Amino acid sequence: MKLVKKIFVIQIWIFLLQINGENASAQFPLPPNVPIWDANKVELKLYKLADDVYAMIPSTAESETALGIPQATTGGFIVGEKGVLLVETMLTKRLFDQEIKLISSVTKKPILYAVNTSDHGDHCFTNYLLPKSTLIIQNEFAKENLAKNYESIVQFMVMLFGKEQGIDATTYRPANIAIPKNSTLKIDLGKGKVVEFINTGTAQSPADLFVWEPSSKVFWGGNPFIGESPCIPWLFDGYFLEPSKNLRKMYDFLPEDAIVVPGHGRITNKQGIRYLINYIDALKLNVEDAVNKDLTLEQTIQTVKMHEFNKGYVLFDWLHFNFNVPNAYKDIKANKKK
């Protein structure tokens with residue numbers, strides 16, 4: 001069993017090296033439970049957020065998010081005059097089929113656009129099941145990374161979720177529209193639905209893309225805004241200072257009455273995602289203090305425990321000590337030398 005786990009860790013490290021180059025961490029331990037959630041058991045539930053604006057959320061999210069139990073991917077759709085914009089296409093055909101059934105319960109209009117807020121497989125792997133006429137929207141980095149590393153990403157997701165999910169049966173389909181860093185694209189769906197796609201740069205990974213529908217004030221936060229308390233950010237892509245800046249930027253962008261659909265949690269509001277900002281701010285202050293005292297990384301990990309934010313999230317220790325603190329330390333120390 002120990003040998004299997006060691007091989008697993010090495011394979012993940014190789015994957016990260018392929019994807020992120022020098023940002024890969026040499027230590028990528030397994031999360032406490034694998035799979036983190038089971039795609040063969042997830043049931044998506046439809047929530048109407050405003051006229052012609054819907055979220056599709058795992059049925060367990062309402063009760064389990066606050067308990068600190070990681071949730072499957074969220075999604076949604078917006079119905080315009082001529083057709084539909086789909087947010088996220090999910091990990092497997094089983095989940096994609098649920099999305100199509102939920103959309104069909106509301107409208108028979110075609111899916112004109114589909115947006116992936118990340119290059120992680122649970123947000124984009126079933127693009128190939130969409131009609132050929134559907135235009136797929138991604139962040140520019142996400143499109144390039146998927147084109148170069150699709151098979152490695154598939155293998156990584158299979159390792160995390162298992163071979164019985166149908167993940168390895170997926171086929172790469174490139175995006176039609178790629179949004180450059182620090183850019184915003186607006187698409188008018190008609191019926192007063194102008195949707196904005198915002199690429200701020202790295203907020204968790206370089207592949208992030210936010211979706212904002214201003215008329216109904218609905219915001220899809222993707223992986224950077226993964227869920228409300230007790231969730232903490234997943235900063236395992238090797239970055240900290242840029243995510244800390246961009247998380248704050250997007251948080252400040254939102255009006256107080258915005259409806260927030262997190263990447264993996266129940267529907268919330270601006271106050272609901274404040275916890276993530278508070279965590280990032282506190283982490284930055286704590287690690288800056290450690291760096292100013294010339295502590296080593298190992299000493300910083302021992303010092304920056306932040307118990308006040310450890311409120312029962314199942315993955316807190318795994319994320320905080322293995323990724324969030326080390327990546328904050330790396331970026332802050334490098335920035336100090338400039």
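Asn 223 has contacts well beyond its own stretch of chain in this predicted model. Neighbours within four places in sequence aside, Asn 223 touches Ser 118, His 120, His 123, Gln 204, Gly 263 and His 264. With His 264 there is also a polar contact, side chain to side chain, at 3.1 Å. Asn 223 sits in the loop between strand S11 (218-222) and H6. Its relative accessible area is 4%. Buried means under 20%, so Asn 223 counts as buried.

The peptide bond that joins Ser 229 to Pro 230 is cis. Its omega is about 10 degrees.

The aromatic residues come next. A pair of aromatic rings is described by two quantities, the distance of the centres and the angle of the planes. A search of the whole structure finds 16 such pairs. One of them joins Phe 210 and Phe 225. Their centres are 6.0 Å apart, and 55 degrees separates the planes. That pair is classed as tilted. Phe 210 belongs to strand S10 (residues 210-213), while Phe 225 lies in the loop between S11 and H6. The two parts are 15 residues apart in sequence, so the pair ties them together. Both Phe 210 and Phe 225 are buried.

Trp 234 and Trp 318 make another pair. Here the ring centres are 5.6 Å apart and the planes stand at 80 degrees. Planes over 60 degrees apart count as edge-to-face, so this pair is edge-to-face. Trp 234 lies in the loop between S11 and H6, and Trp 318 in helix H9 (residues 316-337). This pair therefore ties together parts that are 84 residues apart in sequence. Trp 234 and Trp 318 are buried as well.

Phe 210 and Phe 225 also belong to an aromatic cluster.

Now follow the chain into the helices. Helix H6 covers residues 241-253, and helix H7 covers residues 274-292. H6 and H7 pack at an angle of about 145 degrees, with 10 Å between their axes. The crossing is left-handed. Which residues of H6 and H7 make the contact? From H6 come Leu 241, Ser 244, Leu 247, Arg 248 and Tyr 251. From H7 come Arg 274, Ile 277, Ile 280, Asp 281 and Lys 284. By class, five of the contact residues are nonpolar, one is polar and four are charged.

Lys 191 is not a glycine, yet its phi is positive, at about 60 degrees. Lys 191 is placed in the loop between strand S8 (183-188) and strand S9 (194-199). Is Lys 191 buried or partly exposed? Its relative accessible area is 46%, so Lys 191 is partly exposed.

Lys 217 also has a positive phi of about 60 degrees without being a glycine. Its place is the loop between S10 and S11. At 31% relative accessibility, Lys 217 counts as partly exposed.

Conventions
Residues are numbered from 1 along each chain as its sequence is written. This is a predicted model: local features need pLDDT of at least 70, side-chain atom pairs count only at pLDDT 80 or more; totals for chains, interfaces and linings use all residues. Side-chain values use heavy atoms; hydrogens and water are left out. Axes are lines fitted to C-alpha atoms, for helices over the stretch in contact, and angles run from 0 to 180 degrees between N-to-C directions. Helices (H or I, at least four residues) and strands (E, at least two) are DSSP runs, numbered from the N terminus. A crossing is left-handed if the near helix is turned anticlockwise from the far one by less than a right angle, and right-handed if clockwise. Contact means heavy atoms within 4.5 Å. Ala, Val, Leu, Ile, Met, Phe, Trp, Tyr, Cys and Pro count as nonpolar, Asp, Glu, Lys and Arg as charged, and the others, Gly among them, as polar. Buried means under 20% relative accessible area, exposed over 50%, partly exposed in between (1.4 Å probe, protein chains only). A polar contact is a pair of N or O atoms within 3.5 Å; within protein, one must be able to donate a hydrogen and the other to accept it, and residues adjacent in sequence count only if both atoms are side-chain atoms. Rings of Phe, Tyr and Trp (its six-membered ring) pair if their centres lie within 6.5 Å; planes under 30 degrees apart count as stacked, over 60 as edge-to-face and the rest as tilted.
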